[in-house]
Amino acid sequence: MGTPAERGNGGAGPEAASEGGPFFTLAEVGKRNTAEETWLIIRGRVYDVTRFLGEHPGGEEVLLEQAGRDATESFDDVGHSIDAQEMLKQYHIGEVHPCELKPDPSKIPSKPPSGESSFWTVWWIPIVGALVLGLMYRFYLMDGKSS
Ligand code: HEM
C-alpha cells in the first residue's frame, strides 16, 4: 500500500475510481502541486495528471499552475473538446471529500420559526385589519350622529 494516488489508481485499469471515492481533502490535493506529483480538481473530482504533463497539448505549464487546486474554471475557460473531457477519465483517482464541497443552498433546511416570532407573523395581519375596521366603523357611527 503506497500513497493515496497508488491506492486510487493502482493497477485497477481505466475505471479505477468510482463515484464512491476514494475521497481526498483539499489539503491532501494541495500537497500534490509539483511536477513530481500533479493533482487537480475538476468539478469535485480529483485527477492525477503527473504522467499527462508532457502530453498535454496546452503545455505542462498551465497544468502546473493549477496543480493542487480546483482547475474547473480554467479547464472550462479553454473550451476543451469532448475528446479532452473523455480523457479526464484516464486520470481520475477519486473525489473531493463531500464535507469540503460547497454546500448546495437548495438543500440547506430553512430554520423553523421560533414560537414567539411565528405568533406575530401569523397574527399581525388580522390584528391590524381588525383595528382598522374598528376605527372605520367608529368614524362611520360618529358621521351618522353628526348629520
Ligand atoms: C486532466 C485535465 C486536462 C486534460 C485531459 C486536457 C486535455 C487537453 C486536450 C486534449 C487539448 C487539445 C484541445 C482539445 O481537444 O480541447 C488541450 C488543450 C489545452 N488545454 Fe488542456 N487538458 C486538461 C487540463 C487543462 C487545464 C487545467 C488547463 C488550464 C488552463 C488547460 C489548458 C489548455 C490549453 C490552454 C490548451 C490549448 C488550447 C488551444 O491551443 O486551443 N488544460 N487540453
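The protein has six helices and four strands. Helices here are DSSP runs of H or I with at least four residues, strands are DSSP runs of E with at least two, and both are numbered from the N terminus. Before you zoom in, note that this is a predicted model: local features need pLDDT of at least 70, side-chain atom pairs count only at pLDDT 80 or more, and totals for chains, interfaces and linings use all residues. Residues are numbered from 1 along each chain as its sequence is written.

A word on confidence, then. pLDDT is the predictor's confidence in each residue, on a scale from 0 to 100. The mean for the protein is 82, and 73% of its residues reach 70 or more. Residues 1–16 have pLDDT below 50, and beyond near neighbours in sequence this stretch has 18 contacts in the model. A contact means that two C-beta atoms, placed from the backbone, lie within 7 Å. Where pLDDT is low, the predicted coordinates should not be read in detail.

From the N terminus on, the elements run α-β-α-β-β-α-α-α-β-α. Pairing takes at least two DSSP bridges between two strands.

Strand β1 (residues 23–24) pairs with β4 (residues 92–96) in the parallel sense, over two bridges. You can find the spot by looking for F23, which stands opposite E95 in β4. Next over, β4 and β3 (residues 45–48) run antiparallel and are joined by three bridges.

Two of the facing pairs are L40 with Y47 in β3, and I42 with its bridge partner R45 in β3. The two strands form a hairpin with two residues between them. R43 sits in that loop between β2 and β3, and its phi is positive, about 50°, although it is not a glycine. R43 is partly exposed because 13 other C-beta atoms lie within 10 Å of its own.

For that last label, C-beta atoms are placed from the backbone and the others within 10 Å are counted: 20 or more is buried, 12 or fewer is exposed, and in between is partly exposed. In a regular strand the side chains alternate between the two faces of the sheet. In β2 both faces are covered: W39 and I41 on one side, L40 and I42 on the other, all of them buried. Across the protein, buried residues make up 17% of the 147 residues.

I41 is worth a stop of its own. This β2 residue counts as buried because it has 23 C-beta neighbours inside 10 Å. Leaving aside neighbours within four places in sequence, I41 is in contact with V29, V46, R69, D70, A71, T72 and V96. V96 is 55 residues from I41 along the chain, yet their C-alpha atoms are separated by 7.7 Å. For the protein as a whole, among contacts between residues at least 6 apart in sequence, 69% join residues at least 24 apart.

For a contrast, step out to E61 in helix α3. E61 counts as exposed because it has 10 C-beta neighbours inside 10 Å. Its C-alpha lies 9.7 Å from that of A35, 26 residues away in sequence.

α3 also takes us to the ligand. The ligand is surrounded by 21 residues, the closest being P57, G58, S74, S81 and A84; a residue is near if its C-beta atom, placed from the backbone, lies within 6 Å. The elements that give two or more residues to this shell are α3 (60–66), α4 (72–78) and α5 (82–91). α5 gives the most, with five residues.

Finally, the UniProt annotation "transmembrane region", from an unreviewed entry, covers residues 122–141. In the model that stretch is 100% helix and 0% strand, with its end C-alpha atoms 30 Å apart. UniProt positions are given in the numbering used here, feature names are shortened, and annotations may be inferred rather than shown by experiment.
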